Amino acid sequence: MTFRIHVPSDTTAKARGADRIARLIEIVAEEHKIDVEVRRNGTRGLYWLETLVEVETDEGRYGFGPVKEGDIESLFAAEFYNGNIEHSLAVGLVEEIPYLKRQERFTFSRLGINDPLSLEDYQAKDGFKGLANAIKLSSQDIVDAVKESGLRGRGGAAFPTGIKWQTVLDVPSPKNQKYIVCNADEGDSGTFADRLVMECDPFMLIEGMIIAGLAVGATQGYIYCRSEYPLAIENLNSAIQTAYDHNLLGADIQGSGKHFDLEVRMGAGAYICGEETSLLESLEGKRGLVRAKPPLPAIVGLFGQPTVVNNVLSLAAVPFILDKGAKAYADVGVGRSRGTLPFQVAGNVKFGGLVELAFGPTLKELMFEFGGGTRSGRPLRAVQVGGPLGAYLPESQWDTPLGYEEFSQKQAVLGHGGIVMFDDTVDMSEQARFSMEFCVAESCGKCTPCRIGSTRGVEVIDRIRAGKNVDANMELLSDLCETMLDGSLCAMGGMTPFPVQSAMQHFTEDFVKNAASATQAKEV
Amino acid sequence: MTTSKAVAWEPVTAQALIDDLKSKPGALLPILHAIQDRFSFIPEEAVALIAQSLTLSRAEVHGVISFYHHFRTQQPGRHMVEICRAEACQAQGSRALEAHAKAALGVDYHQTTADRNITLEPVYCLGNCSCGPSIRVGDEIHADVDATRFDELVEGLKTDRVEILL
């Protein structure tokens with residue numbers, strides 16, 4: 001008989017050696033004259049277990065991980081291909097692993113199960129059912145469903161997706177052309193959920209974009225993906241070609257008379273292009289300078305036409321909503337944060353990975369019950385949520401429920417759901433300096449508070465760290481943060497102060513520690 | 001992109017790449033990517049060709065190239081090594097890694113080793129944030145990179161390895 005074995009193929013699994021593991025399994029199987037078929041799934045997103053090799057059995061898939069090259073012979077000796085769990089790397093039935101079982105995988109229901117590029121696999125697990133429903137609905141009905149679901153922009157701004165779509169649906173296009181633009185410029189450190197959609201379930205994003213097109217009357221879509229994600233771009237292009245081959249994209253989708261074309265465009269290493277107006281400039285072939293708003297992109301967007309700009313996760317949530325119903329999505333969550341958010345537990349974490357849950361659990365639950373604390377084993381000291389523009393939270397705030405409003409009450413942001421953990425070796429004044437330094441490197445340069453403010457910010461923090469006039473410079477830094485907050489054109493300059501201010505407020509000791517030694521040095 | 005596959009500047013090839021893409025809406029970025037993928041950088045000569053083909057000024061094309069970190073106007077080394085500098089990797093020791101890398105290669109960021117083998121660049125997030133520090137070599141991402149692993153990877157770039165089955 002043929003034993004079917006799955007070896008993950010996403011960037012992190014590959015970075016941990018999955019390609020060589022897959023090849024080695026084939027070679028050793030041949031040597032042992034055992035008939036195995038190695039399939040490449042995406043990843044379950046349980047990253048400490050990568051490379052997580054899964055064996056198909058009648059009872060389900062048995063997992064072994066983390067598998068390294070040196071483990072292959074012993075796995076064969078233990079006849080792992082039978083699902084035999086007599087091996088130190090055996091983790092049992094993968095779906096029963098508590099980390100996975102406790103999740104609510106609405107968007108990521110297929111993650112790590114299917115072959116990312118197999119349309120058949122996708123359709124076997126509810127793929128394109130949402131589109132089939134959408135084709136039967138009017139544009140307004142689709143928009144209403146998304147409104148009812150309570151879906152809010154998953155890129156971080158949390159603007160209600162249905163309302164954005166309504167605007168684009170209602171506004172006439174001077175050139176009779178509207179656009180769907182997917183923001184796949186996932187530049188926030190600690191986030192990889194967009195990458196997982198694109199690498200491991202690309203048809204879901206394609207389906208979401210087609211539905212968005214039907215909803216607002218757009219016939220052209222662009223996915224603007226960052227150049228740091230070569231595999232995501234490769235898989236998207238391949239899936240788009242398959243979709244065209246099966247009449248799921250093009251002039252007459254599934255004989256419905258509906259038209260939608262889709263193309264991937266590659267970014268070029270500019271963080272600012274994750275800001276929607278900068279992204280549109282970049283798509284138009286220009287420098288990614290932020291545009292002043294209004295006019296909103298929904299009214300004057302790409303090439304001056306009405307444009308939906310949505311994050312990957314927003315669009316990826318749409319097939320579920322159109323398939324299972326708006327209510328099924330809206331039924332979970334907390335307050336005005338409805339549905340699920342795929343959290344990404346990263347940084348110094350023991351069990352890092354993707355954790356999709358309904359809004360509402362606390363940071364503590366994610367960092368300890370899922371994450372298992374720090375990888376280094378040292379005490380956890382600070383956590384940055386929401387990317388490089390998100391605040392650092394001290395222990396006193398780790399009970400905050402994960403919801404948009406709940407976080408903004410603490411001057412923090414949930415952003416794209418990235419959670420970056422730091423142990424007690426972190427120097428928070430160094431982290432604050434980095435926030436400013438990052439803004440220097442990535443500011444588009446259009447407005448002064450961001451362009452110049454960040455440069456001055458680095459200088460002031462350097463003086464503080466050197467112990468020079470610490471009190472006066474701390475005050476100056478506070479003023480500078482206020483100026484950037486109030487005077488910047490977009491979130492880049494307007495939010496860079498969040499991590500800086502939170503570090504100053506909650507970890508003051510890291511800023512003033514050199515003040516004393518500098519004074520002492522002077523006295524000596 | 002693997003820069004070692006790049007070919008020498010050839011205006012006819014460049015013009016063909018440009019002609020292939022120039023009718024796309026917002027064609028400039030796709031064209032710049034195509035040129036850099038082929039020639040490993042965007043030579044001054046390409047700027048004039050692109051400007052003429054898209055009826056832009058050379059200053060406009062230059063302005064776009066200089067805005068984006070990804071585009072370069074100098075020939076890089078045979079291999080591109082990018083070290084993630086973002087927070088999730090910092091939390092796992094990337095500051096020590098970058099110091100080691102600079103010392104081991106004898107270059108700073110945006111510089112190329114004396115033997116023209118390796119160009120070192122910073123990168124802000126490779127999306128491998130649970131298993132850092134991360135680096136990118138060509139199009140391959142590597143996880144859990146400490147100083148020892150970095151040295152091994154660099155050693156592997158020094159000689160053109162014979163492709164073995166694995």
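How many of the 166 residues of chain B count as buried? The share is 40%, where buried means that 20 or more other C-beta atoms, placed from the backbone, lie within 10 Å of the residue's own.

1. Basis of the note. This is a predicted model, in which local features need pLDDT of at least 70, side-chain atom pairs count only at pLDDT 80 or more, and totals for chains, interfaces and linings use all residues. Residues are numbered from 1 along each chain as its sequence is written, while chains are lettered from A and ligands numbered from 1 in the order in which they are written.

2. Chain A overall. Chain A has 22 helices and 16 strands; these are DSSP runs, H or I of at least four residues for helices and E of at least two for strands, numbered from the N terminus. Its C-alpha atoms fill a box of roughly 80 × 65 × 40 Å along the principal axes. The radius of gyration, taken over C-alpha atoms, is 24 Å, which agrees with the value near 24 Å for a compact globule of 524 residues; the globule rule is 2.2 Å times the number of residues to the power 0.38. Of the 524 residues, 56% are buried.

3. Contacts within chain A. Two residues are in contact if their C-beta atoms, placed from the backbone, lie within 7 Å. Among contacts in chain A with a separation of 6 or more, 72% are between residues 24 or more positions apart.

4. The parallel sheet of chain A. An open sheet of 4 strands has the order β8-β7-β6-β9, with parallel pairing; two strands pair if DSSP finds at least two bridges between them. Strands β8 and β9 of chain A are the edges, each pairing on one side only. On average, neighbouring strands of this sheet are turned by 20 degrees against each other, direction ignored. Strand β6 (residues 179-184) of chain A is joined to β9(A) by 5 bridges, and N183(A) stands opposite N311(A) in β9(A).

5. Helix α11 (residues 230-245) of chain A lies across β7 (220-225) and β8 of chain A, at about 165 degrees to β8(A). Axes are lines fitted to C-alpha atoms, for helices over the stretch in contact, and angles run from 0 to 180 degrees between N-to-C directions.

6. Strand β4 of chain A. In β4 (residues 60-64) of chain A, 4 of the 5 residues are buried. E56(A) faces R61(A) in β4(A). β4(A) also pairs with β5 (residues 90-93) of chain A, antiparallel over 3 bridges, where Y62(A) stands opposite L93(A).

7. Helix α8 of chain A. Buried residues in α8 (residues 161-170) of chain A include G162(A), W165(A) and V168(A). Among the elements covering the buried residues of α8(A) are α7 (139-149) and α13 (312-324) of chain A.

8. Chain B. Chain B has 7 helices and 5 strands, and its C-alpha atoms fill a box of roughly 50 × 35 × 30 Å along the principal axes. An automatic or database assignment gives domain 1 (3-67) and domain 2 (79-158) of chain B, with 28 Å between their centres, taken over C-alpha atoms.

9. Where the chains meet. The contact takes 47 residues from chain A and 34 residues from chain B. On chain A, the elements giving two or more residues include α2 (18-31), α12 (276-283) and β12 (340-347).

Terms used: A residue is buried if 20 or more other C-beta atoms lie within 10 Å of its own, exposed if 12 or fewer, and partly exposed in between; C-beta atoms are placed from the backbone.
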